[in-house]
Amino acid sequence: MKLQTIVLSATVLLSTTIGTAFAQFQNAEKAIDYRQSALTVMATHFGRIGAVVKGEAPYNKEDVAKNAAIVAMMSTLPWQAFGPGTEGGKAKADVWSDNAKFKSAAEKLQLATIDLNKAAQSGDLDSIKKAFGATGQACKACHDDFKKK
């Protein structure tokens, strides 16, 4: 429960500071490195949960809960590095030309990761599997629309 409060607090804090965060990057390359690093960490921990969901790794409630908390927290980070002047990397131009759709996709992912974290903290493997699937769909939808192949 304490971990959920921390993740929720971090989400609120980060969402209120996003507007000023763009100035923190010295150049587009720094922003690209930042967002790709955040997404890589998120994907790594999501993959660890995926191994459990797919039956490739044994279910350990504590490990899944820790990984889900990291995924939820990391899902709040990369978006600040998609500001004006940060074009490039693996992101399609649509990130900037259809920014409202991109922001909506980012919000859907963040909400899905919160649900995944709640399920993981509960320890109910069936709920975890369901939330994992929904989170994976949110990831895929964003990749399909906004990531270069």
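Predicted model: local features only at pLDDT ≥ 70, side-chain atom pairs only at ≥ 80, totals over all residues.
Axes are lines fitted to C-alpha atoms, for helices over the stretch in contact, and the angles between their N-to-C directions run from 0 to 180 degrees.

| Helix pair | Angle between axes | Distance between axes |
|---|---|---|
| α5 (residues 99–122) and α6 (residues 125–146) | about 165 degrees | 8 Å |
| α2 and α3 (residues 61–74) | about 150 degrees | 9 Å |

Angles over 145 degrees count as roughly antiparallel; α5 and α6 are therefore roughly antiparallel to each other. In this pair, α5 passes α6 in a left-handed crossing. Residues of α5 in the contact include F102, L109 and L116, while I128, F132 and F146 are among those of α6. By class, the residues of this contact comprise 15 nonpolar, three polar and four charged.

The pair formed by α2 and α3 is likewise assigned by its angle: these helices are therefore roughly antiparallel to each other. The crossing of α2 past α3 is left-handed. On the α2 side the contact involves A38, V41, M42, H45, F46, R48, I49 and V52, and on the α3 side V64, N67, A68, I70, V71 and M74. These residues divide into 11 nonpolar, two polar and one charged.

Helix α2 itself covers residues 28–53; at 1.5 Å a residue, its 26 residues should span 38 Å, and the 37 Å between its end C-alpha atoms therefore agrees. The N-terminal end of α2 is capped by N27, which has a side-chain oxygen 3.1 Å from the backbone nitrogen of E29. After α2 comes G55, with a positive phi near 80 degrees.

Terms used
Residues numbered from 1 in each chain as written. Heavy atoms only, no water. Helix = DSSP H or I, 4+ residues; strand = E, 2+ residues; numbered from the N terminus. Expected span 1.5 Å × (residues − 1). Polar contact = N/O pair within 3.5 Å; in protein donor to acceptor, adjacent residues only side chain to side chain. Parallel < 35°, antiparallel > 145°, perpendicular 65-115°, else oblique. Left-handed = near helix turned anticlockwise from the far one by under 90°. Contact = heavy atoms within 4.5 Å. Nonpolar A, V, L, I, M, F, W, Y, C, P; charged D, E, K, R; others polar.
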